[in-house]
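Hi,

Here is the model I promised to pass on.

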Amino acid sequence: MIYLDNAATTRVTKPVLDAMLANEVATYFNTNTAYAGGIQAAQIVTQARQVLLQKLHGTHGQLLFTSGATESNALILHHLIRRPQQGLITTAGDHNSIYLPAKALGDRGFNTAVAPLLPDGRIDLNALSDLITDQTTLFMFSLVNSDIGTYQDAAALVATVRAKNPRVHIHADAAQAFAKFDFNVEQLGLDSVTICAHKIHGPKGIGALWVRHGLPLPTREGTLNNAGIVGFAAAVTNFNCPQVSDLHAYLVNHLPTGCHVNGLNNNPYLTNLSLPGVFGETVLNALSAHDIYVGTGSACSTHAQGNRTLAAMKFTPQQQKQVLRISFGQDNTLDDVQTFLMVLQTVLPTISGYHVPQQKGNR
């Protein structure tokens with residue numbers, strides 16, 4: 001089996017499993033208890049918290065553990081947007097965990113706006129600036145787009161927002177970026193950040209919300225997922241993909257004729273490909289028959305009629321369906337990429353509608 005859909009989720013590695021199992025067997029106690037076992041469990045959680053804070057370069061901030069990125073995004077949104085006049089700005093390329101709650105608020109008459117994307121997938125800074133008003137309370141954006149992989153310029157986004165209204169709370173969903181890119185949340189001037197474990201070979205069901213020091217933290221009561229937290233820290237400590245740039249380079253330099261890369265393509269972990277006249281879902285199924293697993297877009301949008309990110313980049317409804325998403329993790333090898341390309345080259349001509357354009361180019 002060749003797994004090339006690591007942006008959807010990743011395999012939990014043995015060091016992570018070992019850390020989690022040891023925690024469940026030996027230090028499974030509730031961290032809110034006052035006896036020795038509970039105190040020891042709380043200390044282990046504190047150590048794990050420090051690993052995550054250090055990776056974020058956010059040791060002066062606070063970290064609230066959640067069930068994942070969706071909950072983290074929802075917590076900050078509903079914590080800050082409580083009245084219809086409080087302005088919320090999201091972007092056309094945001095994950096459904098931001099887009100859908102924001103749309104629901106807009107449908108209820110709340111003051112919401114959506115910043116558009118440029119044709120290469122970057123957030124349009126000029127359009128964003130025009131949307132910011134004195135009423136804007138919260139700006140949310142995805143640091144890495146989960147459909148095409150664009151790594152946004154967070155510093156430029158923060159500068160654009162602060163220039164118009166320095167009081168705006170700026171939140172970054174970094175689920176696809178955390179541990180893959182080295183960014184400093186404090187130097188960037190972010191107010192809150194979402195992270196999760198299962199994109200970096202950690203367990204599902206554990207995430208966190210980082211909030212800058214001095215800002216109130218949303219409340220969340222309940223027993224902590226100790227094993228998940230320990231697994232999250234172990235995933236960060238053990239995450240290592242030195243081969244990913246070479247894999248990405250080989251992929252984009254050896255695509256079958258008629259295939260091309262979409263967007264800015266500044267993220268070696270995630271690449272969105274346009275196909276020559278065939279539906280991505282059809283190609284996905286053909287590859288799956290060869291035990292090669294890829295995606296067509298964000299896993300949380302798999303059953304959507306279209307792709308909001310690609311639509312914002314001016315793709316036609318037909319073009320939005322003619323894509324594959326290839327995403328790498330630390331298990332992938334050059335042989336995986338070579339085999340994928342060989343099989344892709346084989347299956348494309350067998351699919352109805354396949355054609356090779358006269359020219360090959362990038363968007």
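Salt bridges first: the count comes to seven, taking a salt bridge as a side-chain nitrogen of Lys or Arg within 4 Å of a carboxyl oxygen of Asp or Glu. Before you go further, note that this is a predicted model, where local features need pLDDT of at least 70, side-chain atom pairs count only at pLDDT 80 or more, and totals for chains, interfaces and linings use all residues. Residues are numbered from 1 along each chain as its sequence is written, and side-chain values use heavy atoms, with hydrogens and water left out.

One of the salt bridges is between the side chains of Arg325 and Asp5, at 3.1 Å from N to O. Arg325 sits in strand β12 and Asp5 in the loop between β1 (2–3) and α1 (14–26), so this pair ties together parts that are 320 residues apart in sequence. Helices (H or I, at least four residues) and strands (E, at least two) are DSSP runs, numbered from the N terminus. Both Arg325 and Asp5 are buried; buried means under 20% relative accessible area, exposed over 50%, and partly exposed in between (1.4 Å probe, protein chains only).

Asp331 and Arg11 also meet through their side chains in a salt bridge, 2.9 Å from N to O. That pair links distant parts of the chain too: Asp331 is in the loop between β12 and α13 (334–347), Arg11 is in the loop between β1 and α1, and they are 320 residues apart. Here Asp331 is partly exposed at 37% relative accessibility, and Arg11 is partly exposed at 46%.

Then there's a local one: Asp107 and Lys103 form a salt bridge with their closest N and O atoms 3.1 Å apart. They are four residues apart in helix α4 (residues 96–107), so about one helical turn separates them. Asp107 is exposed, with a relative accessible area of 58%, while Lys103 is partly exposed at 40%. Elsewhere, salt bridges with shared partners join Arg162, Asp191 and Arg212 into one network.

Back in the loop between β1 and α1, have a look at Asn6. Asn6 is buried, at 4% relative accessibility. Its side chain makes a polar contact with the side chain of Asn332 at 3.1 Å (a pair of N or O atoms within 3.5 Å; within protein, one must be able to donate a hydrogen and the other to accept it, and residues adjacent in sequence count only if both atoms are side-chain atoms). Not counting residues up to four places away in sequence, Asn6 touches Lys199, His201, Ser327, Phe328, Gly329 and Asn332, with contact meaning heavy atoms within 4.5 Å.

On to the strands, where two of them pair if DSSP finds at least two bridges between them. β12 belongs to an open sheet of three strands, in the order β9-β10-β12 with antiparallel pairing. Its edge strands are β9 (260–261) and β12 (323–327), each pairing on one side only. β10 (residues 270–274) is joined to β12 by five bridges, and Leu270 stands opposite Ser327 in β12.

What about strand β8: how many of its five residues are buried? Five of the five in β8 (residues 207–211) are, so the strand is largely enclosed by the rest of the structure. Gly207, Leu209 and Val211 point one way from β8, and Ala208 and Trp210 the other way. β8 runs antiparallel to β2 (residues 62–66), with five bridges between them, and antiparallel to β7 (residues 192–196), again with five bridges. Opposite Trp210 stand Leu63 and Val193.

Now the nonpolar packing. A nonpolar core is a set of buried Ala, Val, Leu, Ile, Met, Phe, Trp, Tyr and Cys residues joined through side-chain atoms within 4.5 Å. The largest has 84 residues, of which Phe141, Phe178, Phe232 and Phe340 touch the most other members. Helix α8 (residues 226–238) gives the most to this core, with seven residues. A second, separate core of 15 residues includes Leu64, Ile81, Leu105 and Val211.

Last, aromatic pairs: there are seven, counting rings of Phe, Tyr and Trp (its six-membered ring) with centres within 6.5 Å; planes under 30 degrees apart count as stacked, over 60 as edge-to-face and the rest as tilted. Phe29 and Tyr35 make an edge-to-face pair, 6.3 Å centre to centre with 80° between the planes.

Cheers
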